[in-house]
Amino acid sequence: MTVTANLTALNTLQLAATAQRLVTVTSQEQLQAELAQAVAAEPINVLGGGSNVVLHKMLPGTTLLMNIMGREVLSDDGRHVIARAGAGESWHEWVLWCHHRGFHGLANLALIPGSVGAAPIQNIGAYGIEVAQCIEAVHATHRETGESAILSPDKCEFRYRDSVFKHPQGEGWIITAVDFALDRGAPVEANYPSLRARLSEATLTHDAVLASVMAIRRERLPDPVITPNVGSFFKNPVISLQDVDILRQNFPEVPVYPGPDAGMKVSAAWLIDQLGWRGEERGGVRVSSDHALVLEGCGASSAVPWLSLAEAISSSVEDAYGVSLELEPRVMGRSD
Ligand code: EPU
């Protein structure tokens, strides 16, 4: 199906963006055919669940709405399972499908909005787990060459909320399916403080972890079906041990966690919260009163107020702590 389309219902900020040409992609073959006939000079945008994007008014060129479905078990030795999901599958439905079959590894990532195909791009993570830990391979087709490939985790260059798919050397790949390595005998992962606090020794089961993760998310994070949001609007900044020492001299209570590349992750929510941003509303966007890292829509219909509130927050954080914040969602399209 090919139409010029309003994308309001296809992004969780409910921004009134227009795609010059929207194509719903339901198979890899169709994707290759679309790429073969795309005009070389025109952009190709890829949209999954629309739950981690900030859309400007116009998406020129072709926007591909990834709707490739399918869930299957590829191998099963009685304990270790390799299972595949199409890029268009709902992430949460996939987590439940695996969980109900006893294929463990993904329970801590329950209720994250979005699609399976988007999960590797920002290496979704929550409650002590990152999706990269369970990825066996990523199937992708290149938007310029039309070439299809199976990328090993190594090639995906997973980092904290980051992968090769967000960088020039990898952003040409369009993810069509993901293979997961799951384990019937996996231990539960319950070390994340807010999760651990809910679980007693007697309830350290995969069922209890799944239920607790869902309960915590429902308490602390707004439901994008009801309140426009993309979860965390900023990444937790990663700084060196030396810079942590400097920060702690002035702010001894700042929460820090081990981060990638021998750095430390600093709680962006805490930095923002201390500056009094919680509940602040500007131009139809507000800082959630339940979680300072989450922005919520309360009337805004364009990307501009979202990005200007984000800018005001990050400059105040930079001024107060000398720490730079990076946006977590991707900004797409043109504002003119
Ligand atoms: N905190 C505050 N004020 C707040 C909220 C939190 O000071 O308003 C402090 C508290 O000290 C709390 C700490 O921040 O203990 C950490 O908060 P939380 O456990 O909610 O984790 P987070 O670092 O803010 C990250 C992810 C979330 C994920 C949670 C749980 C990022 C950018 N965000 O948030 O992911 O659900 O951990 O694992 O890494 C997302 O990416 O969209 C997302 C929601």
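Guide: A side-chain N or O atom of Asn-236 lies 2.8 Å from an oxygen atom of the ligand, a polar contact in the sense of a pair of N or O atoms within 3.5 Å (within protein, one must be able to donate a hydrogen and the other to accept it, and residues adjacent in sequence count only if both atoms are side-chain atoms). The ligand on its own exposes 820 Å², of which the protein buries 83%, with accessible areas taken from the Shrake-Rupley method with a 1.4 Å probe. This is a predicted model, in which local features need pLDDT of at least 70 and side-chain atom pairs count only at pLDDT 80 or more, while totals for chains, interfaces and linings use all residues. Residues are numbered from 1 along each chain as its sequence is written, and side-chain values use heavy atoms, with hydrogens and water left out.

Arg-161 also places a polar side-chain atom 2.8 Å from an oxygen atom of the ligand, whereas Tyr-127 takes part through its backbone, with a polar atom 2.6 Å from a ligand oxygen. Around the ligand stand 25 residues, the closest being Tyr-127, Tyr-160, Tyr-192, Asp-273 and His-291, where a residue is counted if one of its heavy atoms lies within 4 Å. This shell comprises 12 nonpolar, 6 polar and 7 charged residues; Ala, Val, Leu, Ile, Met, Phe, Trp, Tyr, Cys and Pro count as nonpolar, Asp, Glu, Lys and Arg as charged, and the others, Gly among them, as polar. At least two shell residues come from each of β8 (125-126), α5 and α7 (268-274), and α7 gives the most, with 3; helices (H or I, at least four residues) and strands (E, at least two) are DSSP runs, numbered from the N terminus. Domain 2 (71-220) and domain 3 (238-332) each contribute at least three residues to the shell, the bounds coming from an automatic or database domain assignment.

As for the open spaces, the second largest pocket has a volume of about 630 Å³. Of its 30 lining residues, Pro-113, Gly-114, Asp-223, Pro-224 and Val-225 are the closest to its centre. On a 1 Å grid over the protein atoms alone, a pocket is an open set of points with protein on both sides within 12 Å along at least five of seven lines, a cavity is a set where a 1.4 Å probe fits but cannot get out, and lining residues have an atom within 4 Å of a point. Grid points are joined across faces, edges and corners, and a volume is the space filled by probe spheres set on the points. The lining of this pocket holds 12 nonpolar, 13 polar and 5 charged residues, and α2 (91-100) gives the most, with 3.
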